[in-house]
Every structure is written in C-alpha cells, then in structure tokens.
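Subject: Handover of a structure, with notes on what was found

Dear colleague,

Please keep it open while you read, as the notes go from one place in it to another.

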Amino acid sequence: MQTEKYTTEHREFWKIMFSLLLASLFIFANLYVVQPLLPLFVDEFQVSVSASSLAMSLTIIGLIIGLIVLGFFSDRNGRRVYIIYSLLGSALPFFLLPLVESYTWFLILRFIQGFALAGVPAAALAYISEEIAPKNIGYATALYISSNALGGMIGRVLSGSLTDLFSWQTTFIIFGFTGLLLFAAVLFLLPKSRHFEAGELTFAKDLEGFWFHLKNPSLLVVFGLGAVLQISFTGMWTYLPFHMENPPFSMSLQAISYLFFAYGIGVVGSPLARRAAENFGLRKVRRAGVAILSLGILLTLSPVTWLVVVGLCVTCLGFFTAHSLTAASVGQQASHHKGSASSLYLVSYYIGVAAGSSLLSPLWTNGGWTGLVLFTALLPLLYLAAVSLYRNAKKRKGA
C-alpha cells in the first residue's frame, strides 16, 4: 500500500525541512568560507592573487564533478545517504587544511572538499519532490533555496570575523567541529525515504538526456545566462576584499566580512521575484533583474563606503531576481528529462562561479577595480543584447 506523502501537518515534514536547512547552511557556508580570506592566503602562502583565487575555483570544479557523479548515483542508491555523508565528507578536510604547509596540498584538499559538498545539492531537491506532498513542494523548495543564500552569507561573514579574532586555522577547526555536529543531527533527524524508486536507466542513457538538452537552443541560452550571471556576480565579490583592504577604505578583514551581509537580500529577493513574474511576466522581470545587477556593480566604483554598501545590496537584489527566474525557466524550456536539464543548469551556474573566481584575475591585475567593475557590469547586458539580436534575426529568417 502506497503511503501518503508528508504535508505541513506532519511532524516529519518539519524534520525534513529542519534537516535540509541545517545541511544546506553548512554546505554553502563551507563552499564560500575562503572567499573573504583570499588576500590573507596571498601573504600566508606567498602566492599571487590568481593562485589565491584557485582556493575558490578548484572547490567549485570539484563541486561540478560531484554534482554530475553523485547525481547519477543518487538516482540509483537513494537520496538520504548522499545528503548525510556529504556533511561528513566536507567537514573532515577542515581538520587537515590547517596542517598543510604546501599551497598545492591546500588546493587538493579544497578540490576534494568541493566534490564531497555536492551530495546535498545533488540530492536535496529530488528528495523533497519524492517525500513531500505536491501541494507543499513549492513551499519546501523555497525554504531550501533561501537557506542556500543564507548559508553562503553566514560562511563568508563568520570566516572573516573569526579569522580576524583568531586565525584562519582556528576558523577551519571551528567549521570542522560544526560540520560533525550537524552530521550527527541530520543523521538522527532526516527521515528515511519512503517513495524513492531506483532508476533503471544506464549511465549512457543519462548522458543521452544531457546531450538532448545541449542541442536545444532555448535551453543553451538559459544555461549561458546562468553562467554569465555568476561570472559577473562572483567576479565582483571575489576581488572585493582586495579592493576594500586598500585606500581609501583600508578596511580590516572583519569589516570586509560584514559586507557579505548584503547576501541577506537574496533570502527575500527570490520569493519577491517569483511574485513579480506572476504579475508582469518572467522575461520582463528577469531583464529588470539583470539591469539592477549591473547598476549595483557600477555603484561600487564609488570611493564612499556607504555607497559601496548600497551598491552591494542592489547587486544582490538584481542577481537573485535574475538567477531565481532563470532557474525557474529551465523547467519551462525542457519538454522532458527535466531533472537532467536542472543538473545542467547547476553545472553551468557553477562553471560561472569558477570562471568568475579565477579567470578574471588578469583583469583585476591589469585593469584594477575599475576594469573589473566595467566588465562585470556590462557582460550580462551584452549577453541579453546578443540573445535578443539572435532571436530577431531568427524571426526575420523564418518570416
């Protein structure tokens, strides 16, 4: 007999959501913990700014590989095990990272950590769709996605503040013990799957689904926009600490970490974007989000601290508006294999994170903050303009 799925009236619903919120907070805090510390690694390991940024980008590359590999395995072995042991696998490297003296080994451990991190994002949404009643899936998904942004903000703020008070080594040990505690909590709280059905398709069939989406021009545009948005957003945030530690700001690491509170806008920005899209249309609101993102980035050119802070808040509002609606459009554009389409969007999204972290380093080195800001502000606008020209040319050709 088929058991009913959980609703908000069931205690298990709230156990699921609390468990996934804890897991998501730690995973995304873990992912972005090094971002405020990049200037410190330049001095600590005697490396270049470009090499320092690899502490972010190599973690993201590990995550991208993990999303694909662990996503495939979770379709066959269940979701719960990958959610739980993702916490353990990503917490343990925090105890090893403070012990290494070689920056190469530091990067290798961050790559491994990135792969382990992928278990939660690879399985969480599928777990929700399988165990939560359809009428509450939207609510559960919104709670989970909001925790992603909150986790990223907490990781950045805490790492900068704790490192300023103690050291980056102590900060990592604290994160490691926190991860172990959350692993134990989620192991105890997260209910076993009751509706999981193991996939019977071969890996080759899964790859065929990926290839099908990569031949869809409409989806390629969406994947490209996801990557472009993150190149601009991550590029600006990655090099912001280097900019703010210099005159005229000369901010401490702790003060710089507080700037990441602007990410809190993302927690409310995504739900507001969905409501606005219902009234004005997804494409119009998404374009407005891109314009707001670019405006916010340009505001950070100001030499006045409060105006930079305003710019960061505007940037986050624009980014999370555009990103949430771009992600939502994946399901609309994909006629089938929707799961693999969503996975490809996540992959393109994190490719953008990796590119924004490291590939923009020469731009920072040669063009400074002004060059970086102009590039990251104009890139999404130029992408939308190119897409619009392509669509208009296609319409004229078909007429």
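A residue is called buried here if its relative accessible area is under 20%, exposed if that area is over 50%, and partly exposed in between, with a 1.4 Å probe and protein chains only. Before applying this, please note that the model is a predicted one, in which local features need pLDDT of at least 70 and side-chain atom pairs count only at pLDDT 80 or more, while totals for chains, interfaces and linings use all residues. Residues are numbered from 1 along each chain as its sequence is written, and side-chain values use heavy atoms, with hydrogens and water left out.

Aromatic rings

By the definition above, Phe 233 is buried, and Phe 320 is buried as well. These residues bring in the aromatic pairs, for which rings of Phe, Tyr and Trp (its six-membered ring) must have their centres within 6.5 Å, planes under 30 degrees apart being called stacked, those over 60 edge-to-face and the rest tilted. The structure holds 32 such pairs. In the pair of Phe 233 and Phe 320 the ring centres are 6.0 Å apart and the planes stand at 75°, so this pair is edge-to-face. Since Phe 233 belongs to helix α11 (residues 217-244) and Phe 320 to helix α15 (residues 305-333), the pair ties together parts that are 87 residues apart in sequence. Helices here are DSSP runs (H or I, at least four residues), as strands are (E, at least two), and they are numbered from the N terminus.

Phe 242 and Trp 364 form another aromatic pair, a tilted one, with 6.2 Å from centre to centre and 45° between the planes. Phe 242 lies in helix α11 and Trp 364 in helix α17 (residues 361-398), so this pair ties together parts that are 122 residues apart in sequence. Phe 242 is buried, its relative accessible area being 5%, and Trp 364 is buried too, with a value of 13%. If contact is taken as heavy atoms within 4.5 Å, then Phe 242, leaving aside its neighbours within four places in sequence, is in contact with Leu 38, Pro 39, Val 42, Val 49, Ser 52 and Trp 364.

One aromatic cluster is formed by Phe 26, Phe 41, Phe 45, Phe 94, Tyr 103, Phe 106, Trp 168, Phe 172 and Phe 175.

Helix packing

Two packed helices are described by the angle between their axes and the distance between the axes. The axes are lines fitted to C-alpha atoms, for helices over the stretch in contact, and the angles run from 0 to 180 degrees between N-to-C directions. Helix α4 (residues 80-91) and helix α6 (residues 103-117) have axes that come within 8 Å and cross at roughly 170°. The two helices α4 and α6 are therefore roughly antiparallel to each other, a term for angles over 145 degrees, where those under 35 count as roughly parallel, 65 to 115 as roughly perpendicular and the rest as oblique. Ser 86, Gly 89 and Ser 90 of α4 make the contact with Gln 113, Ala 116 and Leu 117 of α6.

For helix α13 (residues 264-280) and helix α14 (residues 282-299), the axes come within 7 Å and cross at roughly 130°, which makes α13 oblique to α14. Here Ala 273, Ala 276, Ala 277 and Phe 280 in α13 meet Leu 282, Lys 284 and Val 285 in α14.

Thr 59 lies in helix α3 (residues 49-77) and counts as buried, at 0% relative accessibility. Not counting residues up to four places away in sequence, Thr 59 touches Leu 31, Leu 54, Arg 110, Phe 111, Gly 114 and Leu 117.

Backbone points to check

Most residues other than glycine have a negative phi, and most peptide bonds are trans. Pro 247 and Pro 248, however, are joined by a cis peptide bond with omega of about 10°, and Pro 248 lies in the loop between α11 and α12 (253-258). Ser 250 lies in the loop between α11 and α12, has a positive phi of about 50° although it is not a glycine, and is partly exposed, with a relative accessible area of 48%. Gln 46, in the loop between α2 (38-44) and α3, has a positive phi of about 55° without being a glycine, and is exposed at a relative accessible area of 66%.
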